[in-house]
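Here is a short note to read alongside the model. Please keep the sequence and the structure open while working through the points.

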Amino acid sequence: MYYVGLDIGGTEAKMGILGSSGKLLHIERYPMDLGLSPGQTLDEILSRIEGHLTSKDIAGLGVGLPGILDEAKTCIKQVPNLPGWEGYPIQEHLQSRVTQKVFLENDASMAALGEHWAGAGKSTDSMLMITLGSGVGGALVYRGQILELNGFSSEIGHMVIDYDGPLCRCGRRGCLETYAGRYGLQRLLAERIKQNKSGPTCQLKAGATPREISQKAARGYEPARQILRDSGHALGIGISNILNLIRPETIVIGGGIAQAWEGMLEKTEQTIQEHAFKMEKKNLILQKAYLGEMAGIYGAGLMALNNQ
């Protein structure tokens with residue numbers, strides 16, 4: 001029997017097939033067409049799965065989704081980057097085509113579970129996971145379970161870092177997401193370009209990717225280095241706020257941008273040391289995710305496996 005993990009985002013969907021031992025056997029990724037309805041998108045995803053497995057082969061299906069899910073984990077209540085998906089009966093739609101149980105969870109929570117069960121947090125009881133992708137996600141895991149109250153998954157990316165700060169896509173101001181993640185880095189770059197209109201030509205164009213910013217920083221380009229320091233500082237403030245409320249054993253940073261971080265992680269760690277209540281540096285375990293962008297697939301697939 002096989003377990004399928006799906007990680008559905010605003011720009012692409014990833015699908016993984018896991019064996020009964022939890023080993024990832026197959027990975028597939030494809031761009032999201034936001035012109036399709038949720039039902040059409042789910043049908044297309046299911047048809048791709050059925051290209052590898054019959055319904056009888058699937059022992060369970062886990063799905064990671066962006067945004068805030070309803071308490072029963074059947075649909076998305078609020079999401080900024082999947083227009084038309086709010087309120088759509090995702091669990092019911094998938095369950096009608098899959099004979100075994102379908103599990104839905106916030107995508108950052110799925111990534112956190114993946115890292116806790118099979119990655120960087122495997123040997124710890126408690127772990128804070130931060131995911132840096134288009135935006136910023138995150139979750140707290142305690143003894144193999146997502147720590148949440150009243151069915152609400154953490155929206156760490158919308159923790160307010162500066163109450164007079166820049167407008168976020170969520171409509172609030174100064175969210176962590178306006179400084180970190182692809183959206184935050186590109187906003188910081190656009191701000192710097194605007195400030196230097198009369199100065200020398202910027203070596204980075206508006207809309208440059210986090211990888212391009214990181215590459216310039218690695219080559220010593222100071223504006224790019226400052227952008228990453230500013231982003232790392234904001235991330236450190238956000239993590240410090242969490243550490244002052246609850247003290248997990250390990251902090252894991254994942255998502256695509258975690259691989260393009262020259263100069264950012266050091267600033268994050270420095271800021272935590274300055275703003276979190278006193279802790280010994282040796283006790284602060286801050287590390288990159290082991291599973292990379294596949295953490296969400298692992299979490300979704302292993303959720304299905306662990307709950308069979």
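Which residues have the most contacts inside the largest nonpolar core?

1. The basis. This is a predicted model, in which local features need pLDDT of at least 70 and side-chain atom pairs count only at pLDDT 80 or more, while totals for chains, interfaces and linings use all residues. Residues are numbered from 1 along each chain as its sequence is written, and side-chain values use heavy atoms, with hydrogens and water left out.

2. The core. L128, I130, L132, I213, I239, I251 and I253 have the most contacts inside the largest nonpolar core, which has 35 residues. A nonpolar core is a set of buried Ala, Val, Leu, Ile, Met, Phe, Trp, Tyr and Cys residues joined through side-chain atoms within 4.5 Å. Buried means under 20% relative accessible area, exposed over 50%, and partly exposed in between, with a 1.4 Å probe and protein chains only.

3. Where the core comes from. At least two residues of this core are supplied by each of β8 (126–132), β9 (136–142), α4 (181–195), α5 (210–218), α6 (222–243), β11 (250–254) and α7 (264–275). The largest share, 8 residues, comes from α6. Helices (H or I, at least four residues) and strands (E, at least two) are DSSP runs, numbered from the N terminus.

4. Strand β8. Of the 7 residues in β8, 7 are buried. In a regular strand the side chains alternate between the two faces of the sheet. S126, L128, I130 and L132 point one way from β8, and M127, M129 and T131 point the other way.

5. The partners of β8. Which way do β8 and β9 run, parallel or antiparallel? β8 and β9 run antiparallel and are joined by 7 bridges; two strands count as paired if DSSP finds at least two bridges between them. The two form a hairpin with 3 residues between them, and L128 stands opposite L140 in β9. With β11, β8 runs parallel, through 5 bridges. T131 stands opposite G254 in β11.

6. A buried loop residue. T178 lies in the loop between β10 (145–146) and α4. Its relative accessible area is 0%, so T178 counts as buried. T178 touches P166, L167, C168, Y183, G184 and R187, not counting residues up to four places away in sequence; contact here means heavy atoms within 4.5 Å.

7. Empty space. Rolling a probe the size of a water molecule over the atoms shows where empty space is left. On a 1 Å grid over the protein atoms alone, a cavity is a set of points where a 1.4 Å probe fits but cannot get out, a pocket is an open set with protein on both sides within 12 Å along at least five of seven lines, and lining residues have an atom within 4 Å of a point. Grid points are joined across faces, edges and corners, and a volume is the space filled by probe spheres set on the points.

8. The cavities. How many cavities of 30 Å³ or more does the structure hold? There are 2. The largest has about 60 Å³ of space and is lined by A13, Y30, P31, M32, D33, L36, T41, E44 and I45. α1 gives the most to this lining, with 3 residues. The second largest cavity has about 30 Å³, and its lining includes L46, I49 and R97. Here too α1 gives the most, with 3 residues.

9. The largest pocket. The volume of the largest pocket is about 1,200 Å³. It is lined by 44 residues, and the closest to its centre are N81, D107, G133, S134 and G135. Among the elements that give two or more residues to this lining are β8 and β9. By class, the lining has 14 nonpolar, 19 polar and 11 charged residues. Ala, Val, Leu, Ile, Met, Phe, Trp, Tyr, Cys and Pro count as nonpolar, Asp, Glu, Lys and Arg as charged, and the others, Gly among them, as polar.

10. The second largest pocket. This pocket has a volume of about 310 Å³. Of the 18 residues that line it, F103, L104, E105, M303 and N307 are the closest to its centre. β7 (102–106) gives the largest share of the lining, 4 residues. The lining divides into 8 nonpolar, 6 polar and 4 charged residues.
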